[in-house]
Amino acid sequence: MSDPVSALGGASYAGFATIREIGPLGMITLRAKGVKSLDKAIKAAVGTKVPAVRRIEIAGDKACGWMSPDEYLLILPYGGVADALAAIAAALKAEHHLAVDVSDARAVFRVEGAKASDVLRKLMPVDFDRLEPGELRRTRAAQVPAAFWQADGGFTLVSFRSVAGYVMGLLQHSAQPGSEL
Amino acid sequence: MRLTCPLCGSRDRREFHYYGAADYLHRPAAEDAPDAWDIYLHLRDNPAGVVRDLWYHELGCAQWLIVTRNTVTHEISGVALVAESAK
Ligand SMILES: [Zn+2]
C-alpha cells in the first residue's frame with residue numbers, strides 16, 4: 001500500500017483568517033432513496049443519525065451530510081473507509097443502493113478565525129447571515145463546485161481534488177490582510 | 001422577493017428562472033385535436049388572485065418548481081417540486 005497524500009500536502013496560509021488544506025479525509029458517497037435500513041447503514045458507518053434536508057450530523061471525527069434527496073456524504077478517518085463500506089453493504093444487503101469511496105477525488109480545507117466567513121463571502125453566492133446551525137451548503141467557490149459547513153469555530157470546505165490548487169489560490173487571495181469586509 | 005425551495009431553503013428571487021403558467025405541465029398528446037394544442041399554447045387565465053407558475057431553480061438544485069402566488073398580495077403560499085407533484 002502506498003501512503004495516502006492530500007492534494008496540496010497540507011498547504012496553509014495565514015492571512016486575516018487561516019487557511020489550511022487538511023486531509024486526506026475518508027469520504028463515501030452513499031446514494032439511496034426510500035430504503036428501510038438507511039438509518040442502520042449510516043449509524044454503522046459513521047455513528048450518526050440520518051441528516052435532515054440540508055443538514056450535517058457530526059459525531060467526533062465522523063459525519064454524515066445531506067447532499068440531495070437520494071445522496072449522503074459520509075466523512076470519516078481515511079483508514080476507516082473499507083470497514084465503513086463493508087458495514088454499509090451489510091446493512092443494505094437486500095436494498096438498492098450505491099456506496100463509493102470518493103476520498104481521493106476530493107480536497108478539504110479549513111478556514112478559521114474571527115472573520116473566516118469574510119473569506120468565503122467574497123467567493124460564494126451564499127447569504128451567510130441566513131446560514132442555519134448545522135447546515136451543509138452546496139454551492140460554488142468562484143468558478144468551481146464546493147460544499148461547506150460550519151464547525152469548531154470555522155468552516156470546512158470540500159472541493160474536487162483536480163481543482164485543489166485553484167481553490168487554495170482563491171482562499172489565499174480572499175484572505176489577504178487588509179481585505180476584510 | 002424570496003422563494004423557499006423545498007430542497008435549498010429560502011433563496012433570493014434572482015436564483016430562479018421564471019417559465020410560465022403551471023398549465024405547461026399538461027401537454028396534449030401529439031395526435032390531440034388542434035383545439036387542445038391551441039389551449040395549451042395560448043389560452044391562459046389572468047386572475048387577480050392565486051396563480052400557479054413554473055420556476056426553475058437555476059442557481060440552486062436545478063429542479064423545476066410549482067410556485068403558488070397571489071398576484072394581488074404577492075403572498076407566496078406554496079413551493080413544490082414538479083418531480084414530486086407528478087407522482
Ligand atoms: Zn432549489
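Helices (H or I, at least four residues) and strands (E, at least two) are DSSP runs, numbered from the N terminus. This is a predicted model, in which local features need pLDDT of at least 70 and side-chain atom pairs count only at pLDDT 80 or more, whereas totals for chains, interfaces and linings use all residues. Residues are numbered from 1 along each chain as its sequence is written, chains are lettered from A in the order in which they are written, and side-chain values use heavy atoms, with hydrogens and water left out.

A pocket is, on a 1 Å grid over the protein atoms alone, an open set of points where a 1.4 Å probe fits, with protein on both sides within 12 Å along at least five of seven lines, and its lining residues have an atom within 4 Å of a point. The largest pocket has a volume of about 1100 Å³, and of the 44 residues that line this pocket, Arg137(A), Arg138(A), Thr139(A), Arg11(B) and Gly60(B) are the closest to its centre. At least two lining residues each come from β5 (62-68), β6 (71-77), β9 (136-141), β10 (144-151) and β11 (154-160) of chain A, and likewise from β2 (9-12) and α2 (82-85) of chain B; β9(A) gives the most, with five residues.

The second largest pocket, with a volume of about 340 Å³, is lined by 17 residues, and those nearest its centre are Gly60(A), Asp61(A), Trp149(A), Asp152(A) and Thr156(A). Here β6(A) gives the most to the lining, with three residues.

Turning to the aromatic rings, a search of the whole structure finds nine aromatic pairs over all chains, where rings of Phe, Tyr and Trp (its six-membered ring) pair if their centres lie within 6.5 Å, and planes under 30 degrees apart count as stacked, over 60 as edge-to-face and the rest as tilted. The rings of Tyr19(B) and Trp64(B) have centres 5.5 Å apart and planes at 85 degrees, so this pair is edge-to-face. Because Tyr19(B) lies in strand β3 (residues 17-21) of chain B and Trp64(B) in strand β5 (residues 64-70) of chain B, the pair ties together parts that are 45 residues apart in sequence. Tyr24(B) and Tyr40(B) also form an edge-to-face pair, at 5.7 Å centre to centre and with 85 degrees between the planes. Tyr19(B), Tyr24(B), Trp37(B), Tyr40(B), Tyr56(B) and Trp64(B) form one aromatic cluster.

Key. Grid points are joined across faces, edges and corners, and a volume is the space filled by probe spheres set on the points.
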